Amino acid sequence: MRYLMLVLSTPDAPADPENVPEIEDWVRDTYGSGRAVLGDRLRPPADAVGVQVRTGEVIVTDGPFSETKEVIAGFDVLDAPDLDEAIRIAAAHPMAHTGAIELRPFWPLGLDDGAAAEA
């Protein structure tokens, strides 16, 4: 099963966290084992744009769309057999020690067979 792993920076990050793994080690181990298939850092929220369509008009706004304390700093797509393994992978990421990680299982649309998956 695939999981989107959102890597979040948080305002309550510990000042001097202990035993934080190196990101290079996490990348080598996770991507090297095939448990992650895609990932990258993201530009800061100030570089974001919001896009909405209202009454047929495209509205583009500068900066982050929502006011949140956490900031999505990056993402990875994990390929794990189950949620327990995805949690193990996420817990080994440095940002689990200094920020936060959110895991979201993929919810395929089911378009391969011509019909959208049921909600």
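Let's start at the N-terminal end of helix H2, which Asp82 caps: one of its side-chain oxygens sits 3.2 Å from the backbone nitrogen of Asp84. Helices here are DSSP runs of H or I with at least four residues, strands are runs of E with at least two, and both are numbered from the N terminus. Keep in mind that this is a predicted model, where local features need pLDDT of at least 70, side-chain atom pairs count only at pLDDT 80 or more, and totals for chains, interfaces and linings use all residues. Residues are numbered from 1 along each chain as its sequence is written, and side-chain values use heavy atoms, with hydrogens and water left out.

H2 itself covers residues 83–91, and Glu85, Ala86, Ile89 and Ala90 in it are buried (under 20% relative accessible area, with a 1.4 Å probe and protein chains only). Looking down the axis of H2, you'd find its buried residues within an arc of 140°, so they line one face of the helix; the arc is taken from the directions from the helix axis to the C-beta atoms.

What do those residues pack against? Strands E1 (2–9), E5 (71–79) and E6 (100–105), plus helices H1 (23–32) and H3 (95–98). Take Ile89: leaving aside residues up to four places away in sequence, it touches Trp26, Thr30, Arg35, Leu78 and Ala80, where a contact means heavy atoms within 4.5 Å.

Now zoom out. The protein chain has three helices and six strands, running β-α-β-β-β-β-α-α-β from the N terminus. Of its 119 residues, 20% count as buried.

Conventions
Buried < 20%, exposed > 50% of the residue type's maximum accessible area, 1.4 Å probe, protein only. Polar contact = N/O pair within 3.5 Å; in protein donor to acceptor, adjacent residues only side chain to side chain.
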